[in-house]
Amino acid sequence: MFADPEALYRQTTAASRALHEKAVAVMPGGTTRTTTYFDPYPLYIERGEGCRVWDADGTERIDMLGNYTAMILGHAHPKVVEAIRKQAARGTGFAAANPIEVQLATLLCERVPSLDAVRFCNSGTEATMFAMRLARAFTGRPKIARMEGGYHGTHDYAEVSTHPAVAEAGSPDAPIARPDSMGTPDWALEQTVVLPFNNPDAAEAIIRREAGELAAVILEPIIGAGGVIPATVEFLERLRNVTRELAVLLIFDEVISFRVAPGGAQQLYGVTPDLTTLGKIIGGGLPVAAFGGRADVMELLDPRREPNIAQGGTYNGNPLGMAAGYATMTELTPDVYEDLNRKGARVCEQLTEVFASHGVAVQVNGAGSMLALHFTSAPVVDYRTMAAANKKRTRELFLGLVNHGVLMAPRAMGALSTPMAEPDIQEFIDAVDTVVAEQRPRWESES
Ligand SMILES: Cc1ncc(COP(=O)(O)O)c(C=O)c1O
């Protein structure tokens with residue numbers, strides 16, 4: 001008999017199971033966030049501190065995901081808690097501008113040279129939605145080009161070709177726009193141009209063909225949730241050159257990749273977009289996101305001009321989120337990024353060694369302090385190479401790690417946080433080693 005990670009999970013998570021049984025009566029699938037659901041039922045986490053979380057059964061785990069990369073300082077960082085506490089006591093929301101939004105906006109514009117101005121919103125979804133609208137308004141063109149396998153949230157324009165069935169997605173050089181969700185409107189498919197990631201020739205040819213109707217090209221310079229796949233410098237430079245030539249806006253979605261350097265991935269690559277979207281770390285764990293960029297584009301949001309793009313939002317610039325975000329971002333000095341990235345590179349090396357020692361084919365995709373594991377022997381450089389990986393093994397690894405004290409994303413993506421010290425990292429590596437040793441006989445029998 002092979003070790004069955006699901007059976008052990010069921011045995012050790014009775015409180016989560018009980019909560020789930022209650023939850024399914026009031027929420028579809030017993031959860032309010034698809035990305036936190038996994039089979040047979042999700043973990044219910046009660047608290048976190050540093051790089052550790054405790055589930056409803058009181059079981060402690062290393063948090064290798066940090067709310068999908070958002071918790072870069074770990075949980076309940078004293079300075080962030082203090083900033084939130086202080087602001088909560090002073091009031092949590094006003095129908096007025098507030099001083100902290102000016103501080104956080106200034107910090108972001110100072111750190112990211114391409115940001116002449118920013119606007120806050122509450123989620124990465126809103127940030128990409130507004131950036132796309134801004135691009136359409138600025139250029140007067142309707143279409144948005146995006147990468148197959150990229151992720152930009154859950155609005156209608158975003159729910160296209162993030163995870164298409166490869167058999168229905170056309171040729172790798174000319175992907176077809178496919179809906180990611182039931183209910184994605186036909187117009188979103190018609191107005192979306194899908195580009196192959198890391199394929200400069202094919203992407204450029206499509207952009208040139210569509211240029212007359214194209215408002216923007218949006219991409220993650222490092223695909224995050226879709227498998228931690230960095231763009232090549234050549235790819236980004238090619239996109240920059242062709243979009244500049246054709247007056248199409250280039251939008252970098254740095255909701256995740258902003259954690260790789262003080263100025264985000266655009267700083268690492270030395271490629272400057274017209275617009276940038278941010279989220280996750282800039283809210284210090286609270287729902288904050290932003291979009292920003294060139295002054296002449298952002299100007300369209302200025303209520304002093306007519307016409308302008310109205311950007312309502314009860315919680316835009318919410319003082320609680322601004323306080324948590326500002327406290328977090330001020331902790332993130334250049335040294336902190338360097339240290340995290342060094343640890344990230346080391347973890348990837350160690351993981352590669354572990355899998356090699358077991359003779360299990362895997363791709364360890366790393367970028368800065370993020371990583372993802374793909375069970376395939378071919379390098380994962382785009383959606384199609386990622387989609388070819390063995391997903392069953394990913395699930396068994398994920399559940400096995402949950403059983404051995406580690407929380408990653410069900411798709412085996414992870415992110416480091418600053419409280420992680422060498423012993424924490426070693427604990428993670430040891431857990432991977434144990435799970436691979438347990439699962440290898442099953443994997444060998446199935447291959
Ligand atoms: C690159 C990217 N863009 C946008 C989003 C959407 O952000 P949110 O979940 O805050 O709506 C995400 C979320 O993971 C993301 O990774």
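Analyst: We will go through the cores, then the backbone. The model is predicted: local features need pLDDT of at least 70, side-chain atom pairs pLDDT 80 or more, while totals for chains, interfaces and linings use all residues. Numbering starts from 1 along each chain as its sequence is written, and side-chain values use heavy atoms, without hydrogens or water.

User: How many residues are in the largest nonpolar core?

Analyst: It has 55. A nonpolar core is a set of buried Ala, Val, Leu, Ile, Met, Phe, Trp, Tyr and Cys joined through side-chain atoms within 4.5 Å. Buried means under 20% relative accessible area (1.4 Å probe, protein chains only).

User: Which element gives the largest share?

Analyst: Helix α16, with eight residues. Helices are DSSP runs of H or I, at least four residues; strands are E runs, at least two.

User: What does F428 touch?

Analyst: I62, M64, V347, L351, V406 and M408, leaving out residues up to four places away in sequence. Contact means heavy atoms within 4.5 Å.

User: Switching to backbone. Where are the cis peptide bonds?

Analyst: One joins D39 and P40, with omega about 0°. P40 sits in the loop between α2 and β1. Another runs from E306 to P307, omega near -10°. P307 is in the loop between α11 and α12.

User: Which phi value does Y68 have?

Analyst: Near 50°, positive though Y68 is not glycine. Y68 lies in helix α3.

User: Is Y68 buried or exposed?

Analyst: Buried, because its relative accessibility is 7%.

Note on methods. Buried < 20%, exposed > 50% of the residue type's maximum accessible area, 1.4 Å probe, protein only.
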